[in-house]
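Thanks for coming, everyone. Let me put the model up, and then we'll walk through how the chains meet.

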Amino acid sequence: MALPVGALPGSGARRSWVPWALLRLGGVAFVLWAVATVTFFAIRLIPGDPAEAILGGPGSQASAAAFAQARVDYGLDQPLFVQYLQYLGRMLRGELGTSYALKQPVIAIVGENLGGTLLLAVVSLIVAAAIALALAAWSARGGRVASGVGWLLEVVAAAIPHFWLAISLILLFSTTFGWFPPVSVPGPLGLVLPVLTLALPLSGFLAQVMRESILDAMASPFVLAARARGEGSGGVFWRHALRHAAIPAIGLAGWAFGSLISGAVVVETIFARPGLGRSLLSAVQQRDVPLVLGVVLVVALGYMLVTTLTDVADRLVDPRLRAS
Amino acid sequence: MTALVSVRDLSVSFGETKVVSGISFDIEPGQCIAIVGESGSGKSVTARALLGLTGGTVTASRLRFDTTDIADASPRQLQRLRGRDIGFISQGALVALDPLRPVGREIADPLRLHGSLSAAGRQARVLDLLTQVGVPDPALRASQRPDELSGGLRQRAVIASAIAMQPRLLIADEPTTALDTTVQAGILDLLERLRVEGAAILLISHDLAVVSRLASHLLVMSTGRVVESGPTQRVLADPQHPYTRSLIAAVPTGRPRFSRLTSAPAAEPVPTDPAPGEPTSFEQREVLAADRLCKRFGSLRAVDDVSFSLKRGRTLGIVGESGSGKTTLARLVLALERPESGDVSLLGEPWTDVPESARRARRPRIGAIYQDALSSFDPRWTVGRILADALGGAAGVPVLLESVGLSPDSAGRRPRHLSGGQQQRVAIARAIAPRPDILVCDEPVSSLDVSVQAQVLDLLDDLQRSLRLSYLFISHDLGVVRHMSDDVLVMRDGHVVESGPTGAVFGAPQHEYTKGLIAATLQLP
Amino acid sequence: MRRLLPWIGIAALLFLLIAALAPGLLAPADPLAIHPTQSFRAPSFAHLFGTDESGRDIFTRVIHGTGASLLIGVSATAIGIGLALVFGLLAGLGPRWLDFGTTRFLEVLFAFPGLLLALLFIVVYGPGVVTSTIAVGLATAPGYARIIRSRVLVVRRAPYLEAATVLGRSWWFRLWRHLLPNVAGSLFVLVTLGIGQSIVWASSLSYLGLGAVPPAAEWGAMLSAGRTYLTSFWWMTFFPGLFIMISAVATTLVGRGLQERSRDS
């Protein structure tokens with residue numbers, strides 16, 4: 001459809017970004033509420049008496065009085081809708097209840113374990129991005145070796161289960177070479193294998209996306225025009241191609257975060273690292289409802305934060321999006 | 001007397017394929033040489049050879065710019081030449097500028113790479129350059145990105161970037177393609193001014209009219225070779241080579257209605273009719289009428305109070321620049337959009353005011369062909385399936401293919417493996433399969449080479465006479481519209497500024513806008 | 001070399017298919033046979049992949065477990081893509097409000113990254129093969145739904161659909177003859193890639209003890225059993241994991257091959 005020449009987007013004053021920010025915030029709040037509600041009602045679907053789980057699981061020998069007390073303590077005697085409202089209210093105040101199994105406030109448990117998982121996730125993301133960038137840059141220089149390696153890594157990334165990669169890495173570097181400990185120890189040495197396990201598959205995906213984008217950019221007319229102005233290969237890569245490659249990578253960041261959290265569950269378990277992943281797993285195994293709820297909510301909040309951040313980053317890198 | 005550029009026996013190959021061979025020419029300072037050819041002729045590759053940016057293997061007995069031998073130069077030397085001594089203006093400025101960077105940065109790049117100005121100095125020079133090339137409000141424009149600028153402004157920005165270091169040679173590859181007629185005239189004026197100020201220009205184009213305006217000498221290329229060369233005036237007035245002759249003959253501008261543009265025989269035998277163009281008394285039936293059509297998109301008036309009447313067997317041309325509303329009008333006529341007010345009647349019956357279910361039975365009466373034929377085909381269907389679907393059976397497909405000048409074994413192929421001209425023929429075949437009364441042609445030849453364009457236009461002429469079709473022919477190209485139409489509507493910003501028989505409107509235009517359009521249209525001498 | 005890769009994938013898949021349908025051909029021994037005196041043997045000629053804690057031959061168990069494991073992958077993918085088709089088509093074809101509602105719903109599901117949605121499902125319905133299969137299907141559905149939706153939206157706006165309108169084709173015709181076939185084309189690739197992915201995820205759940213349980217000769221169950229002996233008797237988890245990886249790589253190779261072929265043709 002042809003637009004008249006005068007009405008091009010963006011010409012004239014720049015539109016304020018405040019309405020957009022408010023809309024995003026509203027969206028985030030909505031999703032969080034929905035997540036909390038879905039989790040709440042999903043948990044309530046669990047067959048069996050929650051009081052039983054509180055008092056040590058099925059086959060508990062507790063007396064009827066203890067059951068009754070547990071119900072009152074945890075508000076289980078109220079009608080469902082009241083429980084839901086109480087739950088929402090507590091959430092807004094930041095109280096996530098008390099863990100059935102560990103008998104501690106969920107907030108405290110999450111707080112203790114958050115740091116470890118965050119550290120793992122952030123370091124893995126950085127390492128993955130570095131590998132991906134190096135691989136993509138190498139591919140950009142051309143050459144069949146580079147594109148072959150990139151392709152291989154991307155297939156591997158899509159197909160290797162985290163646990164198998166972890167096992168292989170342990171076998172290789174711990175058992176055989178003895179360079180790194182198989183079980184996590186505090187300090188950077190203990191981070192190496194877990195980070196590698198998470199970073200390698202992720203870097204495969206990122207590399208593929210960036211590589212395609214760089215190749216597209218290098219073949220495009222504006223790169224030809226840049227070369228015709230006297231720009232060398234380095235300048236073309238850093239000033240032009242890189243920015244184009246970043247766009248899809250940033251778009252993947254939200255998904256990458258999710259993948260890292262999923263992977264953390266496995267990696268923390270294998271390497272016996274304290275963290276949200278391991279806590280979540282044991283909570284699921286023990287049907288520790290409040291803890292599951294707490295971790296899921298925190299993760300959802302984190303995920304929403306990451307997606308919002310990537311949206312902002314997207315707009316910074318690709319100014320074309322600012323107009324919409 | 002040494003020429004600025006001297007080329008002898010230039011050849012370029014990509015692997016086994018030789019795309020350019022045996023090219024020789026010289027360019028003097030302040031002279032404009034043009035290379036004319038259609039797509040695939042190798043003209044762009046030849047131009048890029050002077051920059052060392054072909055991407056293929058280059059051999060030449062001489063490939064000299066000033067004192068540098070380009071074939072032997074090191075990458076460093078070439079990088080110094082590019083942007084500083086040789087400026088490159090490429091076509092399609094939307095893709096020639098990095099969509100993520102402000103235009104000002106792109107213009108400042110040659111200054112940064114070859115000059116010694118500070119950042120502030122570069123900024124000032126960029127504004128200066130933008131003013132030089134005629135961009136209003138340069139401070140604002142420099143901070144904008146390419147998609148925020150109109151086509152004409154983008155091209156001017158590209159030119160600014162190319163002349164930043166005042167190069168002695170400018171290579172302009174299709175600098176005015178896809179620009180509106182009036183905008184095109186402005187760009188050509190700018191290039192002429194640069195030439196007068198001392199730059200040598202190597203102009204690459206498929207458009208003979210553009211070339212005749214700027215170049216003193218021209219080379220005609222076809223399939224990698226030069227078939228004819230010489231002073232522009234002489235070549236155009238007295239072409240020697242058959243290819244040059246057919247190229248000149250194919251240009252529709254100034255050619256009378258129903259004259260043939262190609263030398264190929266008519267696809268269908270011409271029936272013994274009264275002279276084309278003269279309406280017979282019993283054929284005056286009105287097949288399509290629009291009455292005060294209006295269509296808005298938000299606050300934009302795309303079509304504003306447009307009325308027309310199309311009679312059987314005649315062609316109504318609609319001409320206008322981008323944004324004039326002609327495509328929206330086509331969509332209203334095809335009932336793909338609902339008008340806000342006004343209506344269209346097809347063969348005397350209401351067309352736009354009725355529900356789709358009532359229209360569906362009559363849809364075969366009106367067909368359409370578009371600028372991009374390929375995207376109008378289902379990518380999974382073969383040509384045969386497309387036509388069989390339109391015919392209602394596979395039986396008539398071979399005959400249909402032949403009637404548009406395609407061989408029957410095209411039926412097994414996929415449209416994306418066909419050339420642009422062949423794709424458009426398939427689209428025409430599909431459109432005429434249900435034996436319609438009216439064909440809406442929305443820029444049907446705008447993306448085709450001149451000689452292919454001539455074939456398609458001749459085909460449309462033949463079909464019109466043998467099938468008694470009426471055409472609604474939409475184009476931005478005045479020459480094409482004038483050649484194809486009996487009556488014409490001139491549109492601008494959604495409304496009709498002038499209308500009437502073609503001869504009257506083009507011969508004695510009343511409205512300022514029409515006069516301006518005609519004046520900006522280039523004619524071959 | 002590049003062109004050979006999909007064929008390698010197909011060859012691997014054929015091998016796996018034989019292992020699934022006629023495991024006796026490749027491993028004639030009984031996968032459930034216990035030999036307590038031969039437990040925890042390392043890989044050797046007698047036991048190619050070693051033995052587990054009850055002396056069962058791991059090679060035999062891996063081969064016999066192929067059928068069950070592939071079935072899980074296929075079922076989970078079927079569930080995931082089935083759900084995704086429903087949501088993706090609804091969102092892409094329906095009126096604006098339906099698209100809006102469905103996309104918001106998908107967004108919520110997306111806020112449970114990957115494994116977490118599966119874990120949530122398992123918390124409610126308990127661990128096991130069936131629940132883990134359904135859980136994986138549920139967890140992968142939103143991702144596929146998003147892809148299907150955007151494909152539908154692209155095709156819906158395609159010029160050839162409009163050309164069909166001009167020819168007088170009804171909405172139904174356009175849907176069946178043009179839109180759905182062009183959307184389904186990309187599905188094929190999704191399914192092939194998806195099967196590999198599902199096998200990986202289901203096995204991850206099993207590894208965590210939430211999926212299949214021993215003594216079933218199913219890869220996931222074997223992983224679960226071998227968990228505790230990770231560093232000491234590594235072959236119990238390594239070889240089932242290897243086969244999981246092979247299945248996933250094979251399907252990925254075939255899937256990418258299909259993708260490239262549709263791009264070139």
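Start where chain A meets chain C. On the chain A side, 41 residues are in contact with 33 residues of chain C. Keep in mind that this is a predicted model.

Which elements of chain A give two or more residues to that side? They are α1 (18–44), α6 (144–159), α7 (162–176), α10 (233–270), α11 (276–285) and α12 (289–317) of chain A. Of these, α10(A) gives the most, with eight residues. The side of chain A that touches chain C divides into 32 nonpolar, eight polar and one charged residues.

Let's stay with one of those helices, α6(A). It has 16 residues. From the first C-alpha of α6(A) to the last is 22 Å, close to the 22 Å expected at 1.5 Å a residue. Its buried residues are A:Gly150, A:Leu153, A:Glu154, A:Val155, A:Ala157, A:Ala158 and A:Ala159. Note that A:Glu154 is on that buried list.

How far do we trust chain A? The mean pLDDT of chain A is 77, and 85% of its residues reach 70 or more. Helix α2 (residues 50–54) of chain A has the lowest confidence, at a mean of 61. The highest is in helix α9 (residues 221–228) of chain A, at 89. Then there is the start of the chain. Over residues 1–14 of chain A, pLDDT stays under 50. The model has 19 contacts for that stretch beyond four places in sequence. Where pLDDT is low, the predicted coordinates should not be read in detail.

On to chain C itself. It has 10 helices and zero strands. Its C-alpha trace spans about 80 × 45 × 25 Å along the principal axes. Buried residues make up 51% of the 265 residues in chain C. Take the contacts in chain C with a separation of 6 or more: 64% of them join residues 24 or more positions apart.

Here is one helix pair in chain C. Helix α3 (residues 58–93) of chain C packs with helix α9 (residues 219–226) of chain C at an angle of about 125°, with the axes 8 Å apart. That angle makes α3(C) oblique to α9(C). From α3(C), the contact uses C:Arg61, C:Val62, C:Gly65 and C:Ser69. From α9(C), the contact uses C:Trp219, C:Gly220 and C:Met222. By class, that is three nonpolar, three polar and one charged residues.

Next, where chain C touches chain B. The contact takes 13 residues from chain C and 14 residues from chain B. On the chain C side, α7 and α8 of chain C are the elements that give two or more residues. The largest share, six residues, comes from α7(C). That side of chain C has six nonpolar, six polar and one charged residues.

So, a look at α7 (residues 159–166) of chain C. What is buried there? C:Tyr160, C:Ala163, C:Ala164, C:Thr165 and C:Val166. These buried residues pack against β17 (366–369) of chain B together with α8 (171–207) of chain C. Just after α7(C), C:Gly168 takes a positive phi of about 95°.

Last, confidence in chain B. The mean pLDDT of chain B is 88, and 95% of its residues reach 70 or more. Strand β18 (residues 438–442) of chain B is highest, at 95, and helix α3 (residues 93–96) of chain B is lowest, at a mean of 73. Watch residues 269–276 of chain B, where the pLDDT is below 50. Beyond near neighbours in sequence, this stretch has seven contacts in the model.

Definitions and conventions:
Residues numbered from 1 in each chain as written. Chains lettered and ligands numbered in written order. Predicted model: local features only at pLDDT ≥ 70, side-chain atom pairs only at ≥ 80, totals over all residues. Axes fitted to C-alpha atoms, helices over the stretch in contact; angles between N-to-C directions. Helix = DSSP H or I, 4+ residues; strand = E, 2+ residues; numbered from the N terminus. Parallel < 35°, antiparallel > 145°, perpendicular 65-115°, else oblique. Contact = placed C-beta atoms within 7 Å. Nonpolar A, V, L, I, M, F, W, Y, C, P; charged D, E, K, R; others polar. pLDDT = per-residue confidence, 0-100. Buried ≥ 20, exposed ≤ 12 C-beta atoms within 10 Å, placed from the backbone. Expected span 1.5 Å × (residues − 1).
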